[in-house]
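Subject: Structure handover

Hi,

Here is the structure for your set. My notes on it follow below.

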Amino acid sequence: ATADSSLQIRVDNSEKMRVLSGGGITFNGDTATANALDDYEEGTFTATCSNSVTLTSSKNLLSYTKVGRMVTVGGNIQVDDGQSGAAVIINNLPFTVANLSEDSSYYTGSVRLYDYDVHSSALFVTAVATTNTTTINFDQIIDNGNSAALGGDNGGSIMFTITYMAA
């Protein structure tokens, strides 16, 4: 222990890890509270969607892991009622997406569709975490540089993973 009641782990007289008295862990001599790893959580949640789109009850559970402020969410959802192609938007992420300057809080993730209709000119689909919200939009990237929301397709599955910074 040190004078400030933090616990240090040293190897050959060089600090490798410190448990701060106020909480959190720092590494390699760093004592800045702002750099401390102070949170870890993992779990599951039942995804819900905007636009009255509903998910199949046996394919709506997503998993997440939060380390510090970084959150990874993923799983496989299946559209039950796509509301005639309404945009699929997951609206209940476990943590709010950060809103940082210069677009540094824009995050996209990978998507795999199964038994799903997409725009005829779509090159790929991506998951997009929307800043300052708890939502993920699914966007189709179209070959002329435009994008379109991925509409609900009854019975279609969306497998995805995305990592974003929490507010």
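A residue counts as buried under 20% relative accessible area, as exposed over 50%, and as partly exposed in between. Aspartate 39 has 25% relative accessibility, so it is partly exposed. Please keep in mind that this is a predicted model.

Salt bridges come next. The structure holds 2 of them.

One joins the side chains of aspartate 39 and lysine 66, at 2.4 Å from N to O. Aspartate 39 sits in the loop between β3 (25-27) and β4, and lysine 66 in strand β6 (residues 61-67), so the pair ties together parts that are 27 residues apart in sequence. Lysine 66 is buried, at 9% relative accessible area.

Glutamate 15 and arginine 18 form a salt bridge too, with the closest N and O atoms 2.8 Å apart. Glutamate 15 is buried at 8%. Arginine 18 is buried at 10%.

Tyrosine 40 belongs to strand β4 (residues 40-46). Is tyrosine 40 buried or exposed? Its relative accessible area is 52%, so tyrosine 40 is exposed.

Last, threonine 135. Its place is the loop between β10 (122-129) and β11 (136-142). Threonine 135 is buried, with a relative accessible area of 16%. Its side chain makes a polar contact with the side chain of threonine 133, at 2.8 Å. Leaving aside residues up to four places away in sequence, threonine 135 touches Ile89, Ile90, Asn91, Leu93, Val128, Ala129 and Thr130.

Best wishes

Definitions and conventions:
Residues numbered from 1 in each chain as written. Predicted model: local features only at pLDDT ≥ 70, side-chain atom pairs only at ≥ 80, totals over all residues. Heavy atoms only, no water. Helix = DSSP H or I, 4+ residues; strand = E, 2+ residues; numbered from the N terminus. Buried < 20%, exposed > 50% of the residue type's maximum accessible area, 1.4 Å probe, protein only. Polar contact = N/O pair within 3.5 Å; in protein donor to acceptor, adjacent residues only side chain to side chain. Contact = heavy atoms within 4.5 Å. Salt bridge = Lys/Arg side-chain N within 4 Å of Asp/Glu carboxyl O.
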